[in-house]
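Please keep the sequence and the model at hand while reading.

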Amino acid sequence: MKRKLTVSFVLIVALLIGLFARIIYINQVDGLNYSKKVLSQQSYSDTVLAFKRGSILDTNGNILATCEENFNIILDCYVLTHKDEKNLENVINAITSCIRDVTAGDIRKMVSDDPNRRYGVLKKDLPYDDIKALQKMLDEDTKGEISGVWLEKGYRRVYPNNKLASSLIGFTVGGNVGNGGLEGEYNDVLNGSDGRMFGYLNSDNDFQKDIINPEDGKSIVTTIDVNIQRIVDKKIEEFNNEHANVAREGAGSKNTGVIVMNPNNGEILAMADYPNFDLNKPRDLTAFFTEEQIAAMSEKDQLEELNKIWNNFCITQTFEPGSTTKVFTVAGGLETGTLTGDETFVCDGAETIAGQVIHCVNRAGHGVETVEDAISDSCNDALMQMAAKIGSENFLKYQDIFNLGLRTTIDLPGEASTAGLVFNKDNMKPINLATSSFGQGYNATMIQIASAYCSIINGGYYYRPHCVKRILNAKGETVQTIEPVVMKQTISDITQKKLMQYMKTTVETGTAKLAHVEGYSMGGKTGTAQKLPREANTYVVSLAAYAPAENPEVFIYVVIDEPNDEKQDQARFASELAKSILEEAFPYMNIYPDQDMEKPQTQN
């Protein structure tokens, strides 16, 4: 008998030890889930605590995109139904005395429609000033006499500069999903993770809760200078307003794009295009169409129009770049030794290639042209003769070195690939070499041309173009610095000095003289490209320019697609727009005049 009692005792003790061990295991491994199951049997709430998406800042810390707090009023209909009537009346009185446009009937209807609902949004997206009185009442309710209602904090994305840099910045949809621009490219960096609050009322009506705090997103510091960006946006809009309705109804161009860069490290200082849109109302078409036109569109048609507006022309659209690329042709010749820079060419107004006559811009002919003259005068005839000396193999080699046909890998989404839009050794014929020498017959993007130009201007170093230089944590501390990346070397110092002289002459006395800002030394090259179909006589005009002429600090590339004019093939449109931007940008950037100003003439 004594032995049986001993065995029984040992078994009981073993069972208790096993039970305690199991309880400890459950508590450690799956305690939270079990707690939630228990809480769900009581007056339980599970609230999402929203994270705050990181801000987008310009290079000086000015806000380009940020989040503002807003609040939703949440009802727990289960609590309001199963607790006493006095509690419901307290909730109704608290809400209706503090919040406009909410009636007792609104609250009772929500409760009666679904008495077991644990989460119902009574009012949403309220600013703090609208809910602070109610918040105070809930905070002071230590006895749980206003149960079944709480304020859920969230965030609303705001863009304080509205349309500024719209396609560059992008916007968010569905709360925290970046769409286009920096919002899309750095979506995972800007986003954090939500927290949770698990709470319940116990049998004594004491509110108990467990909180997992949200983790806010990181912020990005861009290379964009909001003041330069503002100048660019303003001047683009002025141009399109000034030239509106000249040859056709509508804006001054089909598209206008401008990129401003630091040529010495690949930083994008400003990037803008036209048309642009209000980032706070990205789906608003009323700025572009009448109410009647919008009403006649299907949802698919509206989305197509919105995608056109949201598109970043500077990186997603391809076009035949025209004569700005003559500099690349000459660079390839100088680097391969097929040109020395001392040659002369006779321009008689055209070249005949494989039986086809290809005209120069000056159909009467420029006469004898040096290499420098050919760049300054933008002579197609001389460039075709140079291309014949350079040869297809060398031309294609430097096409690749300047990254034409390849993505720049800029940190923005949607960069177009032009790999299938440039010639290669298998399909380049003599006539293709001839037209490619002056930028016709193949396609490029603005960012490709701009990045290649910067490599010439800075001495031959091709930097990856980039828009972001630092990433900050939620406390504003730098957690990552994004250094400039040199991807390749394009040309030698000797070639660079010759090209810089050619481009300086082009601004002083050549086709780019209308871009010259008085008192400043500059270099640059114009471009005029006829679009397909050729018989339509539509053109893209452009200007690539930099300053100062020695040790350049800023580069600008302007492209105007189909200027609204009877005669579209005038590079002056791009030159004048660039000049208007630089006239305001130079003083702001502390780029000082380095040439004598022309003295005004006086009459006796």
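About 40 Å³ of space lies in the second largest cavity, a cavity being a set of points on a 1 Å grid over the protein atoms alone where a 1.4 Å probe fits but cannot get out; points are joined across faces, edges and corners, and a volume is the space filled by probe spheres set on them. The model is predicted, with local features needing pLDDT of at least 70 and side-chain atom pairs pLDDT 80 or more, while totals for chains, interfaces and linings use all residues. Residues are numbered from 1 along each chain as its sequence is written, and side-chain values use heavy atoms, with hydrogens and water left out.

**Cavities**

- The second largest cavity is lined by D233, I236, E237, A272, D273, Y274 and N276, where lining residues have an atom within 4 Å of a point.
- Two elements, α9 and β12, each give two or more residues to that lining; helices (H or I, at least four residues) and strands (E, at least two) are DSSP runs numbered from the N terminus.
- Across the whole structure, a search finds 3 cavities of 30 Å³ or more, and the largest cavity has a volume of about 80 Å³.
- Residues T325, F328, T329, G332, N394, F395, Y398, Q399, L404 and Y442 line the largest cavity, and α16 contributes the most to this lining, with 4 residues.
- By class, the lining of the largest cavity has 5 nonpolar, 5 polar and no charged residues, with Ala, Val, Leu, Ile, Met, Phe, Trp, Tyr, Cys and Pro counted as nonpolar, Asp, Glu, Lys and Arg as charged, and the others, Gly among them, as polar.

**Largest pocket**

- The largest pocket holds about 1100 Å³ of space, a pocket being an open set with protein on both sides within 12 Å along at least five of seven lines.
- Of the 40 residues that line this pocket, S253, K254, N255, Y274 and P275 are the closest to its centre.
- The lining of the largest pocket comprises 15 nonpolar, 10 polar and 15 charged residues.

**Nonpolar cores**

- Of the 86 residues in the largest nonpolar core, M271 and F555 touch the most other members; such a core is a set of buried Ala, Val, Leu, Ile, Met, Phe, Trp, Tyr and Cys residues joined through side-chain atoms within 4.5 Å, with buried meaning under 20% relative accessible area (1.4 Å probe, protein chains only).
- Helix α18 (residues 446-457) gives the most to this core, with 9 residues.
- Another core, of 33 residues, lies apart from the largest one and includes V232, F239, M522 and V554.

Conventions
Buried means under 20% relative accessible area, exposed over 50%, partly exposed in between (1.4 Å probe, protein chains only).
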